[in-house]
Amino acid sequence: MSKTVLIVDDSASLRQVVSLSLKGAGYDVIEAADGRDALGKLGGQKVHLIISDVNMPNMDGITFVREVKKNPSYRFTPVIMLTTEATEEKKRLGQEAGARAWVVKPFQPQQMLAAVSKLVM
Amino acid sequence: MDLSQALATFLDESRDLLAQMEEILLRAETSDLAPEDMHALFRCAHTIKGSAGLFGLDVVVRFTHGVENVLDRLRNGEIVFTDALINLLLESQDHIARLVHAVAASDALPEDEGGPLLERLQAFNNDFDGRAGDMVKACETERVEVDVASGIAIGAEHWHLSLRFGPDVLRNGMDPLAFINYLRSLGDIVHVETITDAVPELFAGDPEACHLGFEIALRSAAEKAEIEAVFEFVQDAATITIVPPCARIDAFIALIDALGEDPRRLGEILVACGSVTERELFQALADQHLATDPAPIGELLIERAAVQPRVVEAALGKQKSAEERRGGEGKSVKVPADRLDALIDQVGELVIAGAATQLHAQRTTNPDLQEVASNLLRLVEDVRDTALRLRMTPIGEVFNRFPRVVRDVSRELGKEIELVISGAEAELDKSMVERIGDPLMHLVRNAIDHGIEGPAQRLDASKPARGTLNLNAYHESGSIVIEVADDGKGLDAERIFAKAVERGLVAPDAQLSTAEIHRLILEPGFSTASEVTSLSGRGVGMDVVKSNVEALRGTLDISSEPGRGTTMRLCLPLTLAIIDGFQVGVSGSTFILPLDTVVECIELPSDAQGGGYLRLRDKVLPFVDLREMFGLEDEPCPARQNVVVVRFAGRQAGIAVDELLGECQTVIKPLGRLFERVAGIAGSTILGTGEVALILDVPQLVQRAITNEGRERSTAAQSSASIA
């Protein structure tokens with residue numbers, strides 16, 4: 001069974017590239033433009049991994065992760081946050097919210113694939 | 001993997017973001033920015049950098065990174081906006097735009113040009129570098145080799161990994177097995193010993209906690225940092241000790257010996273030879289920095305190998321920066337324009353089919369059918385409006401590029417000009433928005449270059465030194481009007497006339513009204529500038545603007561007052577596809593007027609027959625007789641004729657017709673090349689009956705009626721000089 005990954009980022013091109021590379025590696029991908037959009041698209045369905053940007057309109061990544069972690073279905077779902085270099089404070093916030101994995105922007109598609117395969121077998 | 005589509009999205013996205021950056025930077029020149037603006041500015045650069053990285057556009061990443069650093073310091077309040085900085089950022093924004101443009105054109109990226117800009121940007125980042133430098137200076141260099149050599153436990157011929165996952169890893173969504181599985185991508189796992197000592201009795205412990213430890217032997221040629229990176233996501237929650245194979249330790253010692261004469265700090269040496277990772281060094285440095293009695297770095301590093309790594313990031317006391325939010329951004333979908341065009345075409349056919357249905361239903365006496373048909377027609381109208389609205393974009397999209405133009409051009413010319421934009425929210429068809437940019441740009445440059453005087457000249461004329469340029473847009477009777485108004489010296493009618501005579505455009509003895517003289521600047525081959533400047537003297541004259549506007553079925557109007565300024569008024573139809581029409585009949589033929597232009601309908605007074613003008617509520621109303629104009633004499637003139645009063649660009653005129661047939665939906669079909677130049681006709685349409693009807697060109701008719709009136713119809717032939 002292929003695994004499903006949710007990618008949440010307000011940059012359409014970033015989503016497209018990540019989505020393309022993940023699909024190429026055999027994952028199913030759901031795309032969302034921001035936290036609110038993502039919550040709507042999740043709606044309780046099973047995902048194996050969530051990749052979320054921090055800085056997004058409507059609902060930022062930290063709030064989104066905090067919200068998603070309230071849902072028992074996603075308690076054990078690993079979360080990768082996309083971050084910048086200067087965000088130790090946000091990293092802490094993200095950890096409090098429930099995100100433990102980080103990928104620093106800008107990244108190459110292979111880097112993202114590596115991070116994903118560390119978390120999803 | 002085909003990235004071309006994603007790349008197109010990236011290019012689009014970047015252009016939007018760059019426009020947004022420019023807009024905010026320009027605002028920063030005049031007023032203090034709100035924190036949201038600072039964040040938005042940072043985010044623009046950040047998003048471009050992030051996406052560019054995905055496409056491997058390293059030049060863009062490197063340059064944007066420099067910009068981003070400065071913007072980050074700005075939003076954290078570490079530095080403030082100065083004129084020089086804004087200029088630099090605008091130049092940088094231009095450079096990013098150039099780079100993105102080069103990507104779009106698949107040119108070689110112009111890397112060299114970014115260098116000087118980056119250096120200047122770096123000047124704003126200096127403090128930051130200073131801090132990093134201090135950190136490194138805190139290192140102690142003593143007793144390097146000994147410490148390292150004796151401090152690290154020696155394994156067998158394999159890497160030895162000792163993993164103790166913390167109780168929370170499972171709850172964090174981390175699966176130890178996934179990491180160990182991933183480790184195999186670096187080499188062979190020779191042996192895994194699972195440590196179960198910490199597993200509690202059944203039912204006694206927390207079932208969600210992880211109690212397992214692993215001792216792993218790994219055969220791999222990977223560097224230590226690579227192995228450590230496997231566990232980057234659990235490094236805070238787990239205890240991970242990585243012991244190199246003994247051969248490696250020998251290699252480390254040899255490496256450090258070789259580096260012995262190097263003045264580099266110990267930490268750097270250790271990282272350089274691969275025995276310590278940057279993360280370990282950073283943590284150790286941070287601890288040392290905090291300690292009251294700093295221990296030598298070597299000791300600290302050795303301690304690291306045994307003691308559980310602590311989270312030190314928090315202790316660094318980074319300034320708390322509030323999480324930025326930006327709400328209210330409208331959601332949108334990008335759709336290829338050709339699909340929209342196809343939709344509009346189909347809706348056009350639907351409208352025609354709907355009208356035919358309605359017509360046939362009315363001919364029956366079946367009330368149910370009639371009701372259904374009229375319901376259908378109403379729905380078709382709604383669909384039509386919605387479909388047309390899809391193509392509508394705010395004119396602001398075009399206006400947005402002008403603040404920068406005005407700023408740059410006025411600086412170049414040493415003029416002070418304030419740009420006032422109003423009505424940016426007025427909407428018009430997307431295809432118009434794209435095509436109106438160049439003509440507007442020309443008008444704006446002209447206004448700055450020729451219209452508005454220099455400060456000294458303005459003060460002499462007792463005007464404020466700072467000139468004003470107004471860009472205004474508003475809707476008027478089915479059209480959008482765009483005004484470019486300056487408060488400069490106005491058009492010099494005498495000079496224009498003299499020039500026109502010199503160029504052979506008019507006879508020296510021609511009697512022209514002021515308005516007609518002003519219109520001469522729209523003639524091909526006319527240029528008023530006594531000296532050609534770099535700005536407007538580019539070989540493109542006002543005649544090009546005029547023909548561009550005409551191609552869009554629009555008109556260009558000039559009003560100017562000497563010493564007070566000039567206003568250029570562009571009047572464009574809102575859409576090029578479907579309109580509400582008003583049907584009129586002349587001698588058995590049907591014509592359509594755009595309903596928006598119709599003001600009222602009256603009976604043609606018997607004393608005014610034959611065209612010219614009539615009296616409407618004590619005012620003179622010029623009118624044209626279609627019967628006469630188009631030579632429609634097939635059927636005798638009815639006893640009673642009607643006049644449709646139409647209005648365009650603030651002027652009214654009458655159109656005499658035989659009968660009034662009422663409203664109808666009109667899908668505009670272009671006329672063939674043969675009929676393109678027929679005066680008074682703008683297009684054709686298909687009626688519900690299947691007949692073809694011609695759509696009247698109201699602007700032209702109004703112009704013609706007015707010209708006729710002014711000349712007592714004697715020089716009607718001159719109407720070709722009018723612009724419609």
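Q: Leaving aside its neighbours within four places in sequence, with which residues is L49(A) in contact?
A: Bear in mind that this is a predicted model. Once neighbours within four places in sequence are set aside, L49(A) is in contact with V5(A), T77(A), P78(A), I80(A), V116(A), L119(A) and V120(A).

Q: Which residues touch the most other members of the largest nonpolar core?
A: In soluble globular proteins, nonpolar side chains tend to be buried together. Here the largest nonpolar core has 85 residues, and those that touch the most other members are V5(A), L6(A), L49(A) and I51(A). The most is given to this core by helix α2 (residues 35-54) of chain B, which supplies nine residues. Because domain 1 (4-136) and domain 2 (141-313) of chain B both give residues to this core, it lies between them. There is also a second, separate core of 40 residues, including V586(B) and F623(B).

Q: How many residues of chain A are in contact with chain B, and which helix supplies the largest share?
A: In chain A, 36 residues are in contact with 41 residues of chain B. On the side of chain A that touches chain B, α1 (12-24), α4 (88-97) and α5 (109-119) each supply at least two residues, and the largest share, eight residues, comes from α1(A). By class, this side of chain A has 18 nonpolar, ten polar and eight charged residues.

Q: What share of the residues of chain B count as buried?
A: Of its 724 residues, 32% count as buried, and chain B has 24 helices and 21 strands.

Methods: Residues numbered from 1 in each chain as written. Chains lettered and ligands numbered in written order. Predicted model: local features only at pLDDT ≥ 70, side-chain atom pairs only at ≥ 80, totals over all residues. Core = buried A, V, L, I, M, F, W, Y, C linked by C-beta atoms within 7 Å. Buried ≥ 20, exposed ≤ 12 C-beta atoms within 10 Å, placed from the backbone. Helix = DSSP H or I, 4+ residues; strand = E, 2+ residues; numbered from the N terminus. Domains from an automatic or database assignment. Contact = placed C-beta atoms within 7 Å. Nonpolar A, V, L, I, M, F, W, Y, C, P; charged D, E, K, R; others polar.
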